[in-house]
Amino acid sequence: MRPPMARTRPDARRRPSSGRPAPRRRSPAQWVLVAGLVAVGVVVVVAALRGDSPDDTASRSGGLTGGDFHSLVADPMTSGRVFVGGHQAVSVSSDAGGTWKRVEALDDADAMGWAFANDSVFVSGHPGLNRSTDGAATFRRTNDGLPDTDVHGFGASEATMYAAGPGLGVVGSTDGGKTWSARTGEAGQSFFGRILIDADDDQQLIAADARAGAVSSADGGRTWRRLGGPQAAVWVSRSGDTLYASGQGVSKSSDGGATWNEIDLPDGATLVEADPTDADVLYAGVHRGQEVELWISKDGGVRWARR
């Protein structure tokens, strides 16, 4: 007979210890927590790739405008404060393009026309006119009285506002936008961006016409004449006696539009804005993807530096 087999103690089957603690099984609740943390990480990574900022911090890459680039505006009241706008978004920089923050109140505002007057900031586009009375922190839609809300061109002074668009021609208001009167139906349909108003005479206007180039009016928008510059203008800007027109290239005039000279630009730049607080400073915008990168010249456009 074989001798009876010795019984093995339960702990004798254990493998030799590796020196590391045995893995612990997670409970169902712990697995849910892990999955949630992974999901949050994915959202943050995706947001970063899209250019969105989950905590609404400033972006250093450029100003978000979306798939197009309509406007480049320097705040006349605050040196170094610049806005860029497109159909989908508007962004603002307080350090001349070094960092940017999205102006969420102007999402989908199609920002084309701009004006700074009476402690207000005005922005116009396809949805109509937006107005801020708190330094562009918040905006509200102010379309009451407008005969058509598709406003491609806009300007405002202390006493008078002008709006232009495909269905408007050119209209004007002398009561803060409560009522509007037609100025002409023969022009204004292809105006785009800012309408400049002379500080000493609100009947003297300059606008960008996407068909005719820079145009001017001496009678409050009732009649217009071509000034010259780019054949198709989408933005006009002025610093002192110098006028800039952006369109098919960028040209400047120092004699009221009688003669024009093209200026050299950074590669890809389409809009130029003169800093109203410094006659030597120009900004140029280059639209890349969903954002606008800003270039700056401190010698009137002779040399440019990327911000």
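Which residue in β3 does Val-73 stand opposite? The legends below refer to a predicted model.

View 1. Val-73 stands opposite Phe-83 in β3. Strands β2 and β3 run antiparallel, and four bridges join them. Both belong to an open sheet of four strands, ordered β2-β3-β4-β5 with antiparallel pairing. The edge strands are β2 (71–74) and β5 (101–102), each of which pairs on one side only.

View 2. The ring centres of Phe-83 and Phe-116 are 6.4 Å apart. Their planes meet at 45 degrees, so the pair is tilted. Phe-83 sits in strand β3 (residues 82–85) and Phe-116 in strand β6 (residues 113–117), so the contact ties together parts 33 residues apart in sequence. Phe-83 has 1% relative accessibility and counts as buried, because the cut-off is under 20%. Phe-116 has a relative accessible area of 22% and is partly exposed.

**View 3. The aromatic cluster around Phe-83.** Phe-83, Trp-114 and Phe-116 form one aromatic cluster.

**View 4. Phe-191 and Trp-224, an edge-to-face pair.** The two rings lie 4.9 Å centre to centre, with 80 degrees between the planes. This pair links distant parts of the chain, 33 residues apart. Phe-191 is in strand β14 (residues 191–197). Trp-224 is in the loop between β16 (213–217) and β17 (225–228). Phe-191 is buried, with a relative accessible area of 2%.

Key
Residues are numbered from 1 along each chain as its sequence is written. This is a predicted model: local features need pLDDT of at least 70, side-chain atom pairs count only at pLDDT 80 or more; totals for chains, interfaces and linings use all residues. Side-chain values use heavy atoms; hydrogens and water are left out. Rings of Phe, Tyr and Trp (its six-membered ring) pair if their centres lie within 6.5 Å; planes under 30 degrees apart count as stacked, over 60 as edge-to-face and the rest as tilted. Helices (H or I, at least four residues) and strands (E, at least two) are DSSP runs, numbered from the N terminus. Buried means under 20% relative accessible area, exposed over 50%, partly exposed in between (1.4 Å probe, protein chains only). Two strands pair if DSSP finds at least two bridges between them.
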